[in-house]
Structure formats: structure tokens, C-alpha cells
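Here are my notes on the fold you asked about. Have the structure open while you go through them.

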Amino acid sequence: MSQSNTLRVQPLETVTWRALCSRQDLVAHSGVVAWLDGEQVALFHLPDTETGDQVFAIANKDPKSGANVIGRGIVGQLKGDLVIASPLYKQHFRLADGTCLEYPEQRLRVWPVRLNGDAVEIAVG
């Protein structure tokens, strides 16, 4: 089992994990979007990072444009951080914590997420 999105508000032992989709729904080095309690969540699968198989869950709504497009962004690395570039205004958000590198006042919500066998699970509650 691997997991990602290290920014956590509470210990993961007290979090409820919910299956969001299956591993087969993910596309390596790219984003897919899932629906979670009325919100779009962009999932990014990076199978060959230095720390192994990783999945990141980040809000799909671009804070600058208001469009749900983050899942269509390009995954990359800037200054040692894994990032997603918004397809509209090209600002870069850290996958680990949702912080925008160019505009620190912009931030995307992130969720702890993990691969558990064939399931992609997201922390809720």
C-alpha cells in the first residue's frame, strides 16, 4: 500500500477511508477526476517516483478561473516539488499541499489518498 498528500490535519489512524475508484481508473502521469460529496477531485497517479507508487488527490477547480480543469493539467517538477500546471493560466500547484508557487495566496484543497490493493481510497471525515 502506498499513500501520498502528506499535509494532514489529524492522524490518519482516526480518519475514515472511503473507496473512490479503482486502480484501473487511474492514468499514469496524468489526471482523472472523481466526484466526492459534491466536489470534483483530481487524482494524479505517479507510479515511478523516488518514493515508489504515489497518488495525489487535489481539488479540480482552478482558483483563478473558477473552471474545473486541474485534472487536465500537466504533471511536472519545479524546484524539487511535484506540481500540476493549470491548463488555463499555467500557474503551478504543489501536489503535496496544494500551494501555488507563483501566487501563494492561491491554494487548492488536498486530501490524503492511498492505494489499497485495487482500490483508490480517500480520507474523509
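The points below cover a sheet, a hairpin and the nonpolar core.

1. Before anything else, bear in mind that this is a predicted model.

2. Start with the open sheet. Four strands make it up, in the order β3-β4-β5-β9, with antiparallel pairing. β3 and β9 sit at the edges with a single partner strand each, so one side of each has no neighbour in the sheet.

3. Now look at one pair in that sheet. β3 and β4 are joined in the antiparallel sense over six bridges.

4. Next, the hairpin. β10 (residues 113-116) pairs with β11 (residues 119-124), again in the antiparallel sense, over four bridges. Asn-116 has Ala-119 in β11 as its bridge partner. Two residues lie between the strands, and Gly-117 has a positive phi near 65°.

5. The largest nonpolar core contains 29 residues, and Leu-26, Leu-43, Ile-58, Val-120 and Ile-122 have the most contacts inside it. The elements giving it two or more residues are β2 (16-22), β3 (31-36), β4 (39-49), β5 (52-59), β9 (110-111), β10 and β11. As background, nonpolar side chains tend to be buried together in soluble globular proteins.

6. Which residues does Val-120 contact, leaving aside its neighbours within four places in sequence? Among them are Arg-18, Ala-19, Leu-20, Cys-21 and Ser-22. The list also includes Leu-26, Leu-43 and Val-55, along with Val-113, Arg-114 and Leu-115. Leu-26 and Leu-43, like Val-120, are among the residues with the most contacts inside the core.

Methods: Residues numbered from 1 in each chain as written. Predicted model: local features only at pLDDT ≥ 70, side-chain atom pairs only at ≥ 80, totals over all residues. Heavy atoms only, no water. Pairing = 2+ DSSP bridges. Core = buried A, V, L, I, M, F, W, Y, C linked by side-chain atoms within 4.5 Å. Buried < 20%, exposed > 50% of the residue type's maximum accessible area, 1.4 Å probe, protein only. Contact = heavy atoms within 4.5 Å.
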